[in-house]
Amino acid sequence: MSAMKLKGEKITVLTAYDYSMARILDHAGVDVVLVGDSGANVMAGYDTTLPITLNEMINYAAAVVRGVKRALVVVDLPFGSYQGNSKEALASAIRIMKETGAAAVKLEGGAEISESVTRILSAGIPVMGHLGLTPQSINKFGTYAVRAQDEAEAAKLLSDAHLLEDLGCFGIVLEKIPAALGEKTAKELKIPLIGIGAGGHVDGQVLVLQDMLGLNNEFSPRFLRRYLNLYEEITGAVQQYIHDVRSGNFPNEKEQY
């Protein structure tokens, strides 16, 4: 990733939570596969990312790693597995690395989690940061609105980004912040900055796979570009299957033994 930033090459990141999708993303050529705690939303149906457990993240990540041959696999540490307890953070990260075979972990937050980041890095585990909108802090902020729009919060984000770089993080996700702040942060830091709603002048982009494929038809933030509308396509295919079975068209003579 750092080499790509130096060359000015944009970094592509998408989420995955299962073997089949991970295999497709890897074959298509995506640079990084993120096993996000967004699996709580798109796989388990929760309203927030908070309920997903470390065991669930490990199950998702292990399946993804089995489907990936070349892309970098990064796994989110879920809520409650690292905040406020650096020893627990290290234990959580070690479990992910040992039980999944992933390459790195991702944590949300800045100065407040610096001790956890340092302890994980001291064990030789690569860490990616996450600043801006941090969904695991939904109960603190009470909203998923754009972050760092005022001067004080923008200054803290920039300070936290420099801190994470100084601690040794190899990259940072910037979520839902003003594009100008995303550009400024990317220019000041040597490590890659991956945006989701952070403008086009960061070093790469990440989207949730189910969102960009149009499997979710009720989620439409400004930063989301839908490349397919699989909700409608899959619905149509299922309805056609139901019709074919009920009409006796499926299976036909060529589709039976």
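Visitor: Which residues are linked in a network of salt bridges?

Guide: A salt bridge here pairs a side-chain nitrogen of Lys or Arg with a carboxyl oxygen of Asp or Glu within 4 Å. In this predicted model, such a network links Glu112, Lys156 and Asp160.

Visitor: How far apart are the closest N and O atoms of lysine 156 and aspartate 160?

Guide: The closest N and O atoms of this salt bridge are 2.5 Å apart. Lysine 156 and aspartate 160 both belong to helix H8 (residues 151–167), and because they are four residues apart there, about one helical turn separates them.

Visitor: Is aspartate 160 buried or exposed?

Guide: A residue counts as buried under 20% relative accessible area and as exposed over 50%, with partly exposed in between. Aspartate 160 has a relative accessible area of 6%, so it is buried. Lysine 156 has 41% relative accessibility and therefore counts as partly exposed.

Visitor: How many salt bridges does the count come to?

Guide: The count comes to nine salt bridges. Among them is the one between arginine 95 and glutamate 99, at 2.7 Å from N to O. These two residues lie in helix H5 (residues 86–100), four residues apart, so they are separated by about one helical turn. Arginine 95 is partly exposed at a relative accessible area of 29%, and glutamate 99 is partly exposed at 41%.

Visitor: Which residue forms a salt bridge with lysine 184?

Guide: The partner of lysine 184 is glutamate 188, and their closest N and O atoms are 2.8 Å apart. Helix H9 (residues 179–188) holds both, and their spacing of four residues is about one helical turn. Lysine 184 counts as partly exposed at 41% relative accessibility, as does glutamate 188 at 34%.

Visitor: Which residues form a nonpolar patch on the surface?

Guide: A nonpolar patch joins nonpolar side chains within 5 Å, taken from residues with over 30% relative accessible area. In this structure the patch consists of Ile234, Val238, Tyr241, Ile242, Val245 and Phe250, which together have about 510 Å² of accessible area. Valine 245 is placed in helix H11 (residues 230–247). At 38% relative accessibility, valine 245 counts as partly exposed.

Visitor: What volume does the largest pocket have, and how many residues line it?

Guide: The volume of the largest pocket is about 710 Å³. Its lining has 32 residues, and Ser38, Asn41, Val208, Asp211 and Phe219 lie nearest the centre. Helix H3 (39–42), strand E6 (171–175) and strand E8 (204–207) are the elements that give two or more residues to this lining.

Visitor: What is the lining of the largest pocket by class?

Guide: The lining has 14 nonpolar, nine polar and nine charged residues.

Conventions. Residues numbered from 1 in each chain as written. Predicted model: local features only at pLDDT ≥ 70, side-chain atom pairs only at ≥ 80, totals over all residues. Heavy atoms only, no water. 1 Å grid on protein atoms, 1.4 Å probe; cavity = no way out; pocket = protein on both sides within 12 Å on 5 of 7 lines; lining within 4 Å. Points joined across faces, edges and corners; volume = space filled by probe spheres on them. Nonpolar A, V, L, I, M, F, W, Y, C, P; charged D, E, K, R; others polar. Patch = residues over 30% accessible without salt bridge, like charges linked within 9 Å, V, L, I, M, F, W, Y side chains within 5 Å. Areas by Shrake-Rupley, 256 points an atom, 1.4 Å probe, with all protein chains shown as cover. Buried < 20%, exposed > 50% of the residue type's maximum accessible area, 1.4 Å probe, protein only.
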